[in-house]
Amino acid sequence: MDRTLLATSPGADTLVEHAPAPGRGACRFCSAPLRHTFVDLGMSPLCESYLRPDQINNMEPFYPLHVYVCDVCFLVQLQEYVGREEIFTEYAYFSSYSQSWLAHARRYTETMIEELGLTGASRVIEVASNDGYLLQYFVERGIPALGIEPAVNVAKAAIAKGVPTLTKFFGRETARELVAQDQAADLLIGNNVLAQVHDINDFVAGMKIALAPSGVITMEFPHLMKLVAENQFDTIYHEHFSYFSLLSASRIFAAHGLTIYDVDELDTHGGSLRVYACHSEDPLRPITPRVDTLRQFEIAAGLEDLNYYSDFAERVRDTKHKLLDLLIAVKRAGKSIAGYGAPGKGNTLLNYCGIRTDFLDYTVDRNPYKHGRFLPGTHIPIYAPERIAETRPDYVLILPWNVRDEIMEQLAYIREWGGQFVIPIPEARVVS
Ligand SMILES: [Zn+2]
């Protein structure tokens with residue numbers, strides 16, 4: 001079959017490795033020209049731009065989801081096709097809507113307070129603090145905390161729950177302002193923000209400035225090795241400019257005088273790393289064996305070799321075809337399918353695979369912000385979760401597959417009418 005028949009939008013699934021080079025740009029870390037495609041998911045709308053009913057007949061901007069790998073520093077990256085103000089000033093993602101993420105945040109808080117001996121005289125700063133989902137636990141324990149969050153609507157939610165929050169983007173300039181106000185951080189946190197930074201050199205240089213002399217940085221980001229190993233191509237979206245390995249993150253930190261001295265492998269977001277960094281001149285924190293082990297593991301897996309990256313695109317196409325095979329078979333059998341969740345990753349998946357209301361009648365989400373709106377690009381309507389019990393769909397496609405266990409538990413009742421779950425990633429499968 002002509003592959004373009006399955007493509008959802010111009011450019012999807014077409015080979016671009018040898019295409020001319022206009023618009024490819026340069027590596028955001030080392031400035032080398034970008035010459036190698038990691039994966040091309042075609043054209044897609046911004047994944048957090050949920051549509052109100054009055055917007056449904058308007059034109060929608062679509063941007064390329066074409067990811068490159070730098071052949072000098074191996075940073076996997078998307079160019080900035082859209083300005084950060086357009087993406088991040090009004091943001092639909094409220095961290096507090098995921099129970100498992102809140103539990104993760106609470107555990108982290110307790111561990112760090114103990115390990116670093118944080119007290120009422122310490123200062124914790126979180127960059128991209130969202131709705132205060134994490135800092136609230138430091139505030140509860142009487143530890144001074146400050147959030148930095150550019151999205152006005154989520155920052156307001158944080159302030160409302162008692163978490164002091166600056167509505168700003170973070171970089172050298174903001175870091176210097178903090179230091180000038182004697183607010184250097186003993187613990188500087190950035191969870192799932194490093195990927196969302198366009199000017200990564202300005203951001204990491206800002207971390208260096210804002211960190212107290214013996215302070216610690218912890219950052220969590222999805223691990224590129226997991227993305228590749230488990231076909232998590234739907235975690236690629238315009239808001240995520242960079243995709244990190246320990247090797248590429250260490251390289252960037254080192255260039256700015258910061259050393260990653262420890263690392264945890266986490267299950268969150270499909271497999272993340274939490275790195276611990278300090279000033280490179282800090283003598284108190286030697287590099288742990290865990291860092292060396294994971295570095296060697298990444299090197300052995302081929303992360304410093306271009307072939308590792310070029311194999312990925314074919315597997316992504318295969319994953320798409322398998323999911324469509326499954327959904328087509330379900331529809332041919334006359335069954336109904338609803339979605340669960342309206343996460344950013346769902347929008348990448350649905351747009352890339354061309355799954356619209358011809359497959360999914362609707363999707364549901366716990367976030368009231370999204371109710372009555374429509375998914376970008378595919379225009380699938382979003383309802384409150386109760387809709388599932390009302391319409392009793394035969395299948396529920398779980399879009400935030402990273403929290404599938406939590407969702408299957410919440411929706412255990414669909415088994416009453418013989419309902420089943422479809423998990424799209426790493427490979428489409430039905431779970432009874
Ligand atoms: Zn580079």
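A: The donors of the zinc ion come first: along the chain they follow the spacing C-x2-C-x39-C-x2-C. This is a predicted model, where local features need pLDDT of at least 70, side-chain atom pairs count only at pLDDT 80 or more, and totals for chains, interfaces and linings use all residues. Residues are numbered from 1 along each chain as its sequence is written, and side-chain values use heavy atoms, with hydrogens and water left out.

Q: What makes Cys27, Cys30, Cys70 and Cys73 donors of the zinc ion?
A: Donors are N, O and S atoms within 2.8 Å of the metal (3.2 Å for Na, K and Ca). The SG atoms of Cys27, Cys30, Cys70 and Cys73 lie 2.3 Å from the zinc ion. Water is not among the atoms, so sites may look incomplete.

Q: Why is the arrangement around the zinc ion called tetrahedral?
A: Four donors count as tetrahedral if all angles lie between 85 and 135 degrees. The 4 donor atoms here subtend 101 to 120°, so the label tetrahedral applies.

Q: Why does Cys73 count as buried?
A: Buried means under 20% relative accessible area, exposed over 50%, partly exposed in between (1.4 Å probe, protein chains only). Cys73 has 4% relative accessibility, so it is buried.

Q: Why is Cys30 called partly exposed?
A: Its relative accessibility is 29%, so Cys30 counts as partly exposed.

Q: What does Ile355 touch?
A: Contact means heavy atoms within 4.5 Å. Not counting residues up to four places away in sequence, Ile355 touches Leu323, Leu324, Leu327, Leu350, Leu360, Thr378 and Ile380.

Definitions and conventions. Tetrahedral: all angles 85-135°; square planar, octahedral: opposite > 155°, others 65-115°.
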